[in-house]
Amino acid sequence: MTGRLAELVRALGARIVDNWIWRLGFACRFLWFTLKESGPSFRRFHLTIREIYFTGVLSLIIILVSGLFVGMVLGLQGYDTLVRYGSSEALGVLVSLSLVRELGPVVAGLLFASRAGSAITAEIGLMKATEQLSAMEMMAVDPIARVVAPRFWAGVISMPLLAALFSAMGVFGGYLVGVRLIGVDEGSFWSQMQAAVDFREDVLNGVIKSLVFGIAVTWIAVYEGYDAPPTAEGVSGATTRTVVTSSLVLTALMFRGR
Amino acid sequence: MATSNLVEVQNVTFGYDERQVLKDINLVVPQGKVVAIMGLSGCGKTTLLRVIGGALLPDRGEVRVAGRVVNKLSDSELFALRRRMGMLFQFGALFTDMSSFENVAFQMREHTNLPESIIRDLALMKLQAVGLRGAADLMPSELSGGMARRVALARSIALDPMLMMYDEPFTGLDPISLGVIGQLIRRLNDSLGATSIVVTHDVAEALELVDYVYYMSAGKVEFQGTPDQVRAAGLSSLRQFVYGEPDGPVPFHYPAPDYRQDLFAQ
């Protein structure tokens with residue numbers, strides 16, 4: 001009985017060490033190499049620009065549309081609650097603070113992980129599976145410098161911008177529903193928002209948050225791609241792991257950030 | 001001796017985990033020659049090629065290319081040496097996000113400061129050498145298997161390497177493409193003054209093409225000689241390989257428990 005229990009504990013420990021601690025160590029080394037090799041990717045910045053187009057610009061539709069609707073929902077539900085206490089003019093404050101501080105970075109991060117993160121993982125994983133990375137290495141070009149670093153930096157640069165756009169669209173959505181549709185006073189909607197939202201405490205905090213989320217999501221995405229087993233199941237598994245791990249990490253980071 | 005052999009592999013042993021893939025391999029590739037490494041699938045040919053290219057480190061022994069010990073070089077020295085090596089991968093491994101032209105120009109852009117107009121001329125010349133100048137603007141997905149292999153060949157000779165390595169260059173090609181690739185390997189080797197290693201199990205094509213053959217089996221060099229010596233060899237496993245006999249010293253069946261027992265047990 002104790003033997004079986006010990007066996008079980010041992011198996012559990014082995015799984016945790018193999019699946020988590022080893023991989024975390026590798027991921028950290030990988031991040032270090034990526035940062036070390038980032039010099040060349042800045043010198044040939046057109047590579048990073050190209051990736052910003054793929055990760056940032058092509059994510060715009062989903063970010064803008066979701067931002068608008070999240071804002072509209074906030075406007076509607078926020079009004080419903082606020083009006084009971086006779087403070088419906090504070091709708092602007094509610095919408096903007098929830099977006100800028102929390103929902104903007106987090107929801108944009110989740111969308112970014114599933115739209116751009118998965119694409120990065122799949123692309124790098126398939127490049128590995130089709131030996132493009134080995135070929136690059138045989139041509140004396142470091143794939144971390146040429147393939148990974150530009151994608152990493154593109155994600156880190158895009159994410160705060162996307163989160164900002166998400167929040168902006170959300171505020172606009174709240175305005176559409178609150179002011180245009182329901183008829184909250186336009187002047188107090190904007191002026192209360194302006195008075196209550198602090199640039200450093202709220203806006204800058206949100207930007208920093210989204211930057212951290214961007215680093216986390218893109219790091220996970222490039223690592224999973226580079227580490228993917230070079231098979232069809234390997235790449236599909238890695239893509240799934242990117243989305244799942246990023247979402248969990250974002251949630252954890254969100255509560256650390258409080 | 002050392003100057004006339006571009007590649008020298010001495011007592012190289014290599015294993016993945018416990019499984020030994022290369023067992024005490026010795027071989028030399030003389031300057032200017034085309035040498036084939038032949039053997040069954042899974043006998044360690046490709047692994048050997050990777051060891052020579054410095055992508056894998058041998059557990060024991062050493063690999064010399066142009067007088068330098070590959071497995072003792074630092075990363076930057078290895079990269080410097082690799083600029084003078086070309087490798088054709090089994091399925092070409094073209095960069096799928098670039099056109100044929102960009103694929104060929106890749107190394108020139110990465111490793112030289114040549115102006116764009118010269119890079120353009122050079123890349124077109126390489127494509128012309130493999131007969132695909134007209135396909136310069138096509139993407140890899142628009143190329144047939146044989147064409148992709150030829151573009152990859154043009155890419156690997158982009159910087160006029162001293163050593164060309166071919167990993168299964170004939171796999172999955174139709175007879176015409178196969179002949180074309182074979183001819184190109186020979187012609188490019190002779191006109192570039194390069195040295196070539198061809199890893200293959202395509203016996204007929206290889207014996208027509210190469211100067212010398214190493215035959216590997218289960219991680220060891222079993223036989224070496226000129227193509228004529230290979231054809232005449234008495235070694236039974238080599239005979240089976242050369243003439244494609246289904247059963248012989250290399251069994252048709254993967255090792256398994258007794259068939260009757262397997263079927264009728266319980």
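Q: Two residues are in contact if their C-beta atoms, placed from the backbone, lie within 7 Å. How many residues of chain A are in contact with chain B?
A: This is a predicted model, where local features need pLDDT of at least 70, side-chain atom pairs count only at pLDDT 80 or more, and totals for chains, interfaces and linings use all residues. Residues are numbered from 1 along each chain as its sequence is written, while chains are lettered from A and ligands numbered from 1 in the order in which they are written. On the side of chain B, 12 residues take part; on the side of chain A, the number is 10.

Q: How do the residues on the side of chain A that touches chain B divide?
A: Ala, Val, Leu, Ile, Met, Phe, Trp, Tyr, Cys and Pro count as nonpolar, Asp, Glu, Lys and Arg as charged, and the others, Gly among them, as polar. The division is five nonpolar, three polar and two charged.

Q: What is the secondary structure of chain A?
A: Helices (H or I, at least four residues) and strands (E, at least two) are DSSP runs, numbered from the N terminus. The elements of chain A run α-α-α-α-α-α-α-α-α-α from that end. The C-alpha atoms of chain A fill a box of roughly 65 × 60 × 30 Å along the principal axes. Its secondary structure comes to 10 helices and zero strands.

Q: What share of the contacts in chain A between residues at least 6 apart in sequence join residues at least 24 apart?
A: Chain A has 258 residues, and 45% of them are buried (20 or more other C-beta atoms within 10 Å of the residue's own, C-beta atoms being placed from the backbone). For the contacts, the share is 87%.

Q: Which strands of the open sheet in chain B stand at the edges?
A: Six strands form this sheet in the order β6-β7-β8-β3-β9-β10, with mixed pairing (two strands pair if DSSP finds at least two bridges between them). Each edge strand has a single partner, so one side of each is left without a neighbour in the sheet; the edges are β6 (85-88) and β10 (220-225) of chain B.

Q: In β8(B), which residue is the bridge partner of M38(B)?
A: Strands β3 (residues 34-39) and β8 (residues 195-200) of chain B run parallel, joined by five bridges. In β8(B), the partner of M38(B) is T200(B).

Note on methods
A residue is buried if 20 or more other C-beta atoms lie within 10 Å of its own, exposed if 12 or fewer, and partly exposed in between; C-beta atoms are placed from the backbone.
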